[in-house]
Amino acid sequence: MARVVSGIRPTGKLHLGNYFGAVKSFLKMQEEHECFFFIADIHSLTTHPTPSDLHQNVLQVMAEHLAMGIDIEKCSLFIQSDVPAISELYTYLNMNAYIGELERSVTYKEKKATQPKNINAGLLTYPVLMAVDILAHHADLVPVGKDQQQHLEMTRTFANRFNHMYGTDYFKEPQAYSNTGELVKVPGLTGQGKMSKSSGDADTIVFDEDEAAIRKKIMRAKTDTGPTEPNMEKSEELQNLFDIMALVSDYSTIAHFDDLHQKATIRYGDLKKQLADDVVSFVAPIRERITHYKNDAAALAHAAKIGAEKANESAYKTMKEVKEIMGFRKFY
Ligand code: AMP
């Protein structure tokens, strides 16, 4: 069984894209591997959230992941700041990370351009903290998107450098865990590629959102003016709606609307209404569970505690061993 580490950004509410693009792979991985999924609240400090936003966001993602089926008996779902050894290891590894290589990080360069008024040291050393998140648990596999590949590469560099500096083979190189074969890209509702918060509220179908709001968004989704003759190719906007339908509707429903489109008798209002019904049926039980968890402080506390216990055990052991290797020896 491989060890997997993956971070979750505590930013806002989950949408259909997050579910089919990330959470579903967590559900699969927790069955097959020893997983550490953490809510990256320390990382999120680089954007200076208010204390109450930080807390609400962590609570939200915790409730959402439990509601979507993350099983605390099968994996460790923990909050990064609940594991002090992470911060301590971060201090040690920072000493072996060079400014030049950190400045070359693509994400750092991007942030420098997009938030020039807040280029803090945490942004620069973000890859070090990320390396610690991975190395603290001796992960074999890390699911990474394209934007995180360089960070994984840096993690390997830091691990190898540590080994080399101290003449040890203590850290192994984590490998990228590619989900690309299994994951779908969920398109957005505004006709602009993948569903994304950054494309605005109208683009996303959010789980923790009421039924009326979801229906309204779908009824307003971008389409074209309709087929003018049989067997026309679908426009990108229309294909997007069919692609979302493929995730939530029965095969017969999709075949029905496909057929109407081919005959050029489709009415987009009907298609959208059906899609809205099916999305709502898909989302409703999950939303109910999110609400349940958000209001169940004891269940959240239990989950956070169990997750922290597992993660602390593993990270604390690593931290002690790292200190030993580096030459911190106890005098008492
Ligand atoms: P974000 O919080 O937007 O960075 O999304 C978190 C993760 O959800 C990403 O790393 C992707 O794996 C996944 N994700 C987000 N949007 C989509 C989408 N439209 N389709 C597929 N996966 C997505």
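**Entry 1. Starting question**

At what angle do helix H11 and helix H13 pack, and how far apart are their axes? I looked this up and found an angle of about 35°, with the axes of H11 (residues 236-248) and H13 (residues 268-294) 10 Å apart. Axes here are lines fitted to C-alpha atoms, for helices over the stretch in contact, and angles run from 0 to 180 degrees between N-to-C directions.

I noted the ground rules before going on. The model is predicted, with local features needing pLDDT of at least 70 and side-chain atom pairs counting only at pLDDT 80 or more, while totals for chains, interfaces and linings use all residues. Residues are numbered from 1 along each chain as its sequence is written, and side-chain values use heavy atoms, with hydrogens and water left out.

**Entry 2. The whole protein**

I counted 14 helices and 5 strands in the secondary structure. Helices (H or I, at least four residues) and strands (E, at least two) are DSSP runs, numbered from the N terminus. Along its principal axes the C-alpha trace spans about 80 × 45 × 40 Å.

Of the 332 residues, 47% are buried. Buried means under 20% relative accessible area, exposed over 50%, and partly exposed in between, with a 1.4 Å probe and protein chains only. Among contacts with a separation of 6 or more, 77% are between residues 24 or more positions apart. Contact means heavy atoms within 4.5 Å.

**Entry 3. H11 against H13**

I went back to the first pair. The crossing of H11 and H13 is left-handed. A crossing is left-handed if the near helix is turned anticlockwise from the far one by less than a right angle, and right-handed if clockwise.

From H11, the residues that meet H13 are Leu238, Leu241, Phe242, Ile244, Met245 and Val248. Their partners in H13 are Tyr268, Leu271, Lys272, Gln274, Leu275, Asp278, Val279 and Phe282. By class, I noted 11 nonpolar, 1 polar and 2 charged residues in the contact of H11 with H13. Ala, Val, Leu, Ile, Met, Phe, Trp, Tyr, Cys and Pro count as nonpolar, Asp, Glu, Lys and Arg as charged, and the others, Gly among them, as polar.

**Entry 4. H12 against H13**

Next I looked up helix H12 (residues 251-262), which packs on H13 at an angle of about 170°, with the axes 11 Å apart. H12 and H13 are therefore roughly antiparallel to each other. Angles under 35 degrees count as roughly parallel, over 145 as roughly antiparallel, 65 to 115 as roughly perpendicular and the rest as oblique.

H12 also passes H13 in a left-handed crossing. Thr253, Phe257 and His261 of H12 make the contact with Tyr268, Asp270, Leu271, Gln274 and Asp278 of H13. These residues divide into 3 nonpolar, 3 polar and 2 charged.

Leaving aside neighbours within four places in sequence, I found Thr253 in contact with Met245, Gln274 and Asp278.

Ala264 lies in the loop between H12 and H13. Phi of Ala264 is near 60°, a positive value in a residue other than glycine. I wrote the general rule beside this: most residues other than glycine have a negative phi. At 24% relative accessibility, Ala264 counts as partly exposed.

How many residues of helix H8 are buried? I found 9 of the 10 residues in H8 (residues 126-135) buried. Pro127, Val128 and Leu129 are among them.

Thr125 lies in the loop between helix H7 (121-124) and H8. At 12% relative accessibility, Thr125 counts as buried. Not counting residues up to four places away in sequence, Thr125 touches Tyr90, Asn94 and Leu102.

His138 is in the loop between H8 and strand S4 (141-143). I noted a positive phi of about 50° for His138, although His138 is not a glycine.

**Entry 5. Strands S2 and S3**

Strand S2 (residues 34-39) and S3 run parallel and are joined by 4 bridges. Two strands pair if DSSP finds at least two bridges between them. Phe37 stands opposite Leu77 in S3.

Which residues of S3 (residues 76-79) lie on each side? I found Ser76 and Phe78 on one side and Leu77 and Ile79 on the other, all buried.

**Entry 6. Lys317**

Last, I looked up Lys317 in helix H14 (residues 297-326). The C-alpha atoms of Lys317 and Ala136 are separated by 8.4 Å, and the two residues are 181 residues apart along the chain. Leaving aside neighbours within four places in sequence, Lys317 is in contact with Tyr170 and Asn312.
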